Amino acid sequence: MKKFKKRTKEEKRSLILKIISIACFSVALFLVGLTYFMTLPAVQSRILEIQDIFNRIEMFIASLNKLGAFFTILALFLIKSVIPFLPLSVLFISTGLVFPAPLAAAINVLGFMILVTAKYAWGQKFGGGSAHKVLVKSEVVYDFMDLGGKGNWWMLVILRFVPFIPINTVSRIYGATSMDPLLFCLFSVLGFLPRIVTWSIIGVNITDPFSVKFMAPIIILLIISGISVLVLRTMLNYIDKNKKKES
């Protein structure tokens, strides 16, 4: 603990990100073992009893009006751009509950585009917000992210790739740049697509939570999260080194 306190702020952040990435990989490995355990005959018999309950839930959801569900889901994405009351993962999973995986993923991509475009437009009109004001104070970060120009597109992809980076905050920051709205939307989807697909598949199989079809996307999502945290750690370390040179 004393050694941790003696570290600089940058060193602490780097260590914490490393721990988070290791935790993601560890949980993924644990779920791989759990998935194998659930294939054992004795465990399967108990799972079938629980599965019957989930099948009834699935039948109820399937009876819902698909067109109404479609417009309701898109409306929730738009509302989330203003009032972040609902976790994005819940929206993605809900779509998977109602629609088959390919269609659910397509609807979720459309909903995500509505969400980020709305917040991008907000950033264009009212500025990038408090986070943007902090970032522009550093000349290295300002130049690296090209905040005074068209915005660093591959940095946008990385920021969308990392699981705990606020979506609306990033959208506002890039809205304050001169990046083309269409390119912003496409690069945002590109970085977020792995999570959109995996959450959609999880939603489709959520009524069968003990199956490989349910566990596999979660394992993949954890691995993606671990990799993205390591990428972010590398990028931040690079920026820190340039800051030291700047000073």
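This is a predicted model: local features need pLDDT of at least 70, side-chain atom pairs count only at pLDDT 80 or more; totals for chains, interfaces and linings use all residues.

## Aromatic pairs

There are seven aromatic pairs in this structure, where a pair means rings of Phe, Tyr or Trp (its six-membered ring) with centres within 6.5 Å; planes under 30 degrees apart are called stacked, over 60 edge-to-face, and the rest tilted. Take F77 and F92: their ring centres are 5.8 Å apart and the planes meet at 40°, so this pair is tilted. F77 belongs to helix α4 (residues 66–80) and F92 to helix α5 (residues 88–98), so the pair ties together parts 15 residues apart in sequence. Helices here are DSSP runs (H or I, at least four residues), numbered from the N terminus. F77 and F92 are both buried, meaning under 20% relative accessible area with a 1.4 Å probe, protein chains only (exposed is over 50%, partly exposed in between).

F112 and F192 make a stacked pair, 4.4 Å centre to centre with 15° between the planes. This one links distant parts of the chain, 80 residues apart: F112 is in helix α6 (residues 101–126) and F192 in helix α11 (residues 181–204). F112 and F192 are buried too.

Numbering runs from 1 along each chain as its sequence is written, and side-chain values use heavy atoms, leaving out hydrogens and water.

## Where α5 meets α11

α5 and α11 pack with axes 7 Å apart at an angle of about 50°; axes are lines fitted to C-alpha atoms, for helices over the stretch in contact, and angles run from 0 to 180 degrees between N-to-C directions. The two helices are therefore oblique to each other (under 35 degrees is roughly parallel, over 145 roughly antiparallel, 65 to 115 roughly perpendicular, the rest oblique).

## Where α6 meets α10

The axes of α6 and helix α10 (residues 167–175) come within 7 Å and cross at roughly 45°. α6 and α10 are therefore oblique as well. Among the contact residues are F112, K119 and W122 of α6, along with R172 and Y174 of α10.

K119 has its charged end over the ring of W122, 5.2 Å from the centre; that label needs NZ of Lys or CZ of Arg within 6 Å of the ring centre and within 35 degrees of the ring normal.

Note on methods:
Contact means heavy atoms within 4.5 Å.
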